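Hi,

Here is the structure I promised to send over.

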Amino acid sequence: MITGNQLLPGFDQRRAVQGVPQERYLATEIPGPRSRELMVERRAHVSNGFGAQLPVFIDCADGGILLDVDGNRIVDFASGLGPTSLGASNERVRERLQAQLDRFTHTCFMTTEYESYVEVCRWLNRRAPGSKEKRTALFSTGAEANENAVKIARYFTGRSKVLAFDGAYHGRTHMTMSLTSKAHPYKTGFGPFSNDVIHVPVPTSPRASADAVELSLDCVRAALRENDPTSFAAMIIEPILGEAGCLIPQKGFLAGLREIADEHGILLIADEVQSGMGRTGRIWAIEYEDVVPDLLVAAKALANGMPLSSVTGAADVMNAVHPAGLGGTYAGNPLSCEAALAVFEQLDTDGVLDKATDLGRIAIEMLRPLVGGGHGVIDVRVRGAMIGIEFGDEATMEPASGRAKAVSAYCHANGVLALTNGVHENVIRLLPPIVIEPTLFRDGLQVIIDGIRNTAPKAISDDR
Ligand SMILES: Cc1ncc(COP(=O)(O)O)c(C=O)c1O
């Protein structure tokens, strides 16, 4: 890392973003003076309902670096909450966007058609798990796609209820708030919610017992029995529960859900909004379980930061809805479709999945030794570039939310954007751009490790 008051010689921070040096650098304290000034304006003009995890304003960004308006280069372990997997200024995305800008920005696909929308659907149909012939519908946000997945499931089955899971996050619209389990901050004050949603537990580490999968599947069976299984249209689950702290369901749970869904004619929806599009080292996280969902939802990294989401499923399910039953003015916007095609080109040819797997290996090598080492780290969960570090009491496994916040604050002060989340706010979740350079990734992880050691209770903080 470079410290001091000077930017690299010859570097003009206002020039085009390609060329942002891929090295952490602190020009000022974080947030710096210009960011603080802009925060005053933000508070004066922007709804207080939007939070800010790191109150710095970004000038430009690329690869694994966010360059702020004070000249600080911050290691990006958030990718804009997941979307900018290929970097926030990906060259091929920019080329395709620029070419599309010269042609048109919008027609509305429900009004007049354009080929890129069809090409995006073709790729998703080909890459979604399962051998059935498929169809796809495009939308703009993850929540919108989840809403539509539920609409399609209801239409196809003629049923209304949906089974969702403890810890789930599916979005902020009415139906998706209802599907989301964590009350605060997502649901507080926004009710009433849908009565048709029932939540049940998911078996995940570090607290799951040996028979957790069977016990949790029994809970699913009981919830269906008590609420009439023939009234359920769908079960919706994240193959890795992102907002819950990158919780990975125990092996066999998703396969068990698949069996129960089949037994009762219920559709299984995989919400891959966060875990999909290569983040875990496979295109879809559900591929690790060899389970084929009926409906697969993607968003976030689908168009590398441009607003685009999708629902993909078997043709008979997706075609059941009457024409004009699905849609939206901006659904499948042509700029977003071009960005998605640029993402597909790179996923198909550039070794992106291997890069995600390699980041996962580095995270395991550097972070796993912390578990149970007296630093209050009780679990490190890694699937490629989707990483959760959970804090708690090593003896009782009681969650320690204060530690996650303290480590995150240490990271922010030292130029690393590491976000907290989790059911108990006791997790640091890392979603680095998949294209981050391994050296920079290691540098960022080392800051996290230093933060963990620095914030550990005094008695155990001595270097082990
Ligand atoms: C698993 C999951 N589903 C749905 C959403 C909602 O997506 P959006 O914010 O694009 O509406 C998110 C967002 O974080 C998510 O992680």
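Let me start with a proline: Pro-206 sits in the loop that runs between β8 and α6 (212-226). (Helices, H or I with at least four residues, and strands, E with at least two, are DSSP runs numbered from the N terminus.) The peptide bond between Ser-205 and Pro-206 is cis, with omega about 5°.

Before going on, a word on the source: this is a predicted model, where local features need pLDDT of at least 70 and side-chain atom pairs count only at pLDDT 80 or more, while totals for chains, interfaces and linings use all residues. Residues are numbered from 1 along each chain as its sequence is written, and side-chain values use heavy atoms, with hydrogens and water left out.

There is another cis bond, from Gly-191 to Pro-192, with omega near 5°. Pro-192 is in the loop between α5 (174-179) and β8 (197-200).

Now the ligand. It has 13 residues around it, and the closest are Gly-142, Ala-143, Asp-271, Gln-274 and Lys-300; a residue counts as near if one of its heavy atoms lies within 4 Å. Helix α4 (residues 142-157) gives the most to this shell, with three residues. By type, the shell holds three nonpolar, six polar and four charged residues. (Ala, Val, Leu, Ile, Met, Phe, Trp, Tyr, Cys and Pro count as nonpolar, Asp, Glu, Lys and Arg as charged, and the others, Gly among them, as polar.)

As for individual distances, a polar side-chain atom of Gln-274 is 2.7 Å from a ligand oxygen atom, and a backbone N or O atom of Ala-143 lies 2.8 Å from an oxygen atom of the ligand. A polar backbone atom of Tyr-169 is 3.4 Å from a ligand nitrogen atom.

Lys-300 belongs to the loop between β11 (295-298) and β12 (309-314). In the loop between β11 and β12 you will also find Asn-304, which has a positive phi of about 50° although it is not a glycine. How do they compare for exposure? Lys-300 is partly exposed at 23% relative accessibility, whereas Asn-304 is buried at 8%. (Buried is under 20% relative accessible area, exposed over 50% and partly exposed in between, with a 1.4 Å probe and protein chains only.)

Cheers

Technical notes: A polar contact is a pair of N or O atoms within 3.5 Å; within protein, one must be able to donate a hydrogen and the other to accept it, and residues adjacent in sequence count only if both atoms are side-chain atoms.
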